[in-house]
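Hi everyone, thanks for coming. Please bring up the sequence and the model on your screens, and we'll walk through a few places together.

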Amino acid sequence: MSNRAIGYDGQRQIGMVIGPVVVLGGGIAGIESSLCLSKQGVRVYLLERRPSLGGNVSFLSKVFPTLDPASDILEGMFKELRSSENVQMMTNVEIKAIERKEEGFELEVLKRPRHVDPNKCTSCGKCAEACPVEYDREHELGIGKRKAIDSPSPKPFPEAFVIDEGACLHFRGEECRACVEACPNDAINLDERPEEIRIQAKALILATGMELFEVSRVKEFGYGRYKDVITSLELERLLDPRGPTGGEVIRPSDRKRPRSVAFVLCAGSRDRRFLRHCCRIGCMTALKQAYEIKELYGDEVEVYICYNDIRASGRMHEEFYQTARGSGIVMLHGIPSEVREKDGKLTLRVFDLGTWKLEELEVDLVVLIPGVNGSSHAKEVGEKLGILVEEDTFFSALDQVRSNETKVDGVFLSGCSAGPMDIASSISHARAAALIVLNYLMKRK
Ligand SMILES: Cc1cc2nc3c(=O)[nH]c(=O)nc-3n(C[C@H](O)[C@H](O)[C@H](O)COP(=O)(O)OP(=O)(O)OC[C@H]3O[C@@H](n4cnc5c(N)ncnc54)[C@H](O)[C@@H]3O)c2cc1C
């Protein structure tokens, strides 16, 4: 980070130093809060647990309601980050401790080694070609494969490979240096060690986001038992032109195009046994994906959506719902009691509250739309700071109106750490967090 004391006054830089602020979580909300603060002359440490920024959006293909490519959103943000002098990002980190100080906080951060120098790596892929270890890529249904040294995400930032120590033969005690020998840029360092870093911060923004609910817990839907029952996130990877099938929807069992697909909404959400809350993005995600399948294959593929009720309340969401309905999707007002497999087909029985008839569907592919919960790492962060994680697994905000604030002085919330949101709402929430933190810093100057 530049040591230059700079601030921002509209487009004019002025002499001023504020901060630093630590933003925990490098999804779109964490990035947006960091960029907003940086433009106001605040120094920011943006810390991400994974080897790449981007969070959930890096796994998406297109986004509702506009169907713009998710990569466009991320590329714009990454471009700004590249030219931002005030944001220092660190990926692959773990927060070991957070201590309250008179002036704010001191964080003890463990930076795990990447073993690849991001300044030298050009993502040419020669190391991955040479690597002998291959395994399934995350959310890609066993179709997409990766190597022990590979790109960490479909849309990585920093744009550099990383070694997965858990899979790499060298780190499992074998004599392997295949990647080091293959790299034309001398970017790989197998001797890199973990680093412990101490960071002082005047304020903390928690942008730890959300995760899909572990839907195998809803036993009656057969996820994990039947190959052709998949999640919405897995379907995103199939629909992505840069994904494992080049954008073709196939069913995992025989890798053929399905003739019929059923979406099941509210899998694990609005359910007393699991998550009681509405995930707020499920209806629109299902409509988006169902519409994309119709756009790709038309009448060749029958598409059903089994729903509790459709919640399309965001801007342009109702319009998108109407467009999707007009594309030939069959809407069934009911959630199946069970998914069963019989002779290579999946059967679902749904009582349709619209027609008051019991429907029996036989389909090739079932897509579950799981509920969402807060980050599985939120609780440990909350405990370090004395912030409650609510029963719904999201951080407790100060109150209903002040959803960016917490009861702990100097700690703020950005994006889905405060509850499930779509992209537009996450960005607005992230901007609000930046403004409130700026105000907080100015008062304490
Ligand atoms: C299948 C699916 C489809 C979707 N489709 C759409 C769509 O079409 N349109 C739309 O508007 N929205 C869509 N969404 C919602 C969208 O993904 C979210 O709005 C967005 O991801 C929220 O961003 P975020 O930064 O708040 O959280 P996340 O994306 O969850 O990012 C949080 C980041 O914090 C990191 N983190 C967590 N804990 C820690 C820790 N302790 N330390 C450091 N880092 C940590 C995580 O690794 C992650 O990178 C979809 C979501 C899913 C799951």
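This is a predicted model: local features need pLDDT of at least 70, side-chain atom pairs count only at pLDDT 80 or more; totals for chains, interfaces and linings use all residues.

Let's start with strands β7 and β12, where β12 covers residues 195-201: the two run antiparallel and are joined by seven bridges.

Now, which strand forms a hairpin with β7? That is β6, with two residues between the strands. Strand β6 spans residues 93-101, and its pairing with β7 is antiparallel too, over eight bridges. Here a handy pair to find is Ile98 and its bridge partner in β7, Leu107.

How many of the eight residues of β7 are buried? Six of them are, so to speak, under cover, and the strand, residues 104-111, is mostly covered. As a reminder from class, side chains in a regular strand alternate between the two faces of the sheet.

Let's move to the ligand. It is surrounded by 36 residues, and the closest are Glu48, Phe64, Lys288, Met421 and Ile423. What kinds of residues make up this shell? There are 17 nonpolar, 13 polar and six charged ones.

Next, some individual contacts. A polar backbone atom of Asn56 sits 2.9 Å from an oxygen atom of the ligand. Asp422 also uses its backbone: an N or O atom there is 3.4 Å from a ligand oxygen. With Ser375, a polar side-chain atom is 3.3 Å from a nitrogen atom of the ligand. And how much of the ligand does the protein bury? On its own the ligand would expose 1000 Å², and 97% of that is buried by the protein.

Several elements give two or more residues to this shell, among them helices α1 (28-39), α6 (282-297) and α9 (423-444).

One last stop: Lys379, which lies in helix α8, residues 378-385. Is Lys379 buried or exposed? Its relative accessible area is 54%, and the cut-off for exposed is over 50%, so Lys379 counts as exposed. To place Lys379 in the model, look for Arg237: the two are 142 residues apart along the chain, and their C-alpha atoms are separated by 29 Å.

That's my tour, so please ask away!

Notes
Residues are numbered from 1 along each chain as its sequence is written. Side-chain values use heavy atoms; hydrogens and water are left out. A residue is near a molecule or strand if one of its heavy atoms lies within 4 Å of it. A polar contact is a pair of N or O atoms within 3.5 Å; within protein, one must be able to donate a hydrogen and the other to accept it, and residues adjacent in sequence count only if both atoms are side-chain atoms. Accessible areas come from the Shrake-Rupley method with a 1.4 Å probe; for residues, only the protein chains shown count as cover. Helices (H or I, at least four residues) and strands (E, at least two) are DSSP runs, numbered from the N terminus. Ala, Val, Leu, Ile, Met, Phe, Trp, Tyr, Cys and Pro count as nonpolar, Asp, Glu, Lys and Arg as charged, and the others, Gly among them, as polar. Buried means under 20% relative accessible area, exposed over 50%, partly exposed in between (1.4 Å probe, protein chains only). Two strands pair if DSSP finds at least two bridges between them.
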